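Subject: Structure handover

Hello,

Please find the structure below, with the sequence. My notes on it follow.

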Amino acid sequence: MGFSAAARGRKAGGRPTMSLIQNLREMMKVVVGFDRVLQKVTLVSAAPGKVTCELRVEEEHTNKMGTLHGGLTATLVDTISTMALLCTERALPGVSVDMNITYMSPVKTGEVVVITAHVLKQGKTMAFASVDLTNKATGKLVAQGRHTKHLGN
């Protein structure tokens with residue numbers, strides 16, 4: 001789901017305008033199917049090739065140990081990196097080719113995780129993104145993901 005050129009919300013020089021952030025917020029409201037697990041993700045900022053969001057971990061986001069579920073962490077890497085791709089000049093979401101997540105520390109119920117996605121490189125047919133998840137209170141790195149996407153021909 002990409003944005004039209006007019007709806008991308010860019011000023012001269014590629015800086016995002018409020019309409020870019022508004023478009024991302026609108027996109028985040030449309031939650032169907034599995035994406036319902038993302039309803040409580042809040043957009044903090046958006047810039048060309050970079051998106052930052054937050055999530056307060058609630059019981060519905062946890063595993064049996066009461067910490068952020070690894071599957072939700074993978075979903076955050078997938079979704080937030082795709083949002084960062086939508087904030088590039090081409091604004092193409094792509095299709096996942098490869099995703100790798102390294103889990104480093106738990107996040108407990110009630111804690112806030114900050115999710116920051118950066119587009120590392122975008123070529124003609126492939127894009128590469130990195131996503132850091134950090135504990136907002138401690139600054140500790142919780143998980144790090146790499147996401148490769150095919151952009152089409």
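Leaving aside its neighbours within four places in sequence, which residues is M83 in contact with? In this predicted model, they are L24, M27, M28, L43, V51 and C53.

The nonpolar core

M83 also belongs to the largest nonpolar core, a set of 36 residues. V51, C53, M83, I115 and L133 are the members that touch the most others in it. At least two residues of this core come from each of α1 (18–29), β1 (42–47), β2 (50–56), α2 (70–86), β4 (112–122), β5 (126–135) and β6 (141–150). The biggest contribution is from α2, with 9 residues. As background, nonpolar side chains in soluble globular proteins tend to be buried together.

T62

T62 sits in the loop between β2 and α2. Is T62 buried or exposed? T62 counts as buried because its relative accessibility is 17%, and the cut-off for buried is under 20%. Its side chain reaches the backbone oxygen of E59 at 2.7 Å. Leaving aside neighbours within four places in sequence, T62 is in contact with V57, T67, L68, H69 and T109.

Confidence

The pLDDT averages 87 over the chain, and 88% of the residues score at least 70. Residues 1–13 have a pLDDT below 50, and this stretch has 32 contacts in the model beyond near neighbours in sequence. Where pLDDT is low, predicted coordinates should not be read in detail.

Regards

Methods:
Residues are numbered from 1 along each chain as its sequence is written. This is a predicted model: local features need pLDDT of at least 70, side-chain atom pairs count only at pLDDT 80 or more; totals for chains, interfaces and linings use all residues. Side-chain values use heavy atoms; hydrogens and water are left out. A nonpolar core is a set of buried Ala, Val, Leu, Ile, Met, Phe, Trp, Tyr and Cys residues joined through side-chain atoms within 4.5 Å. Buried means under 20% relative accessible area, exposed over 50%, partly exposed in between (1.4 Å probe, protein chains only). Helices (H or I, at least four residues) and strands (E, at least two) are DSSP runs, numbered from the N terminus. Contact means heavy atoms within 4.5 Å. pLDDT is the predictor's confidence in each residue, from 0 to 100. A polar contact is a pair of N or O atoms within 3.5 Å; within protein, one must be able to donate a hydrogen and the other to accept it, and residues adjacent in sequence count only if both atoms are side-chain atoms.
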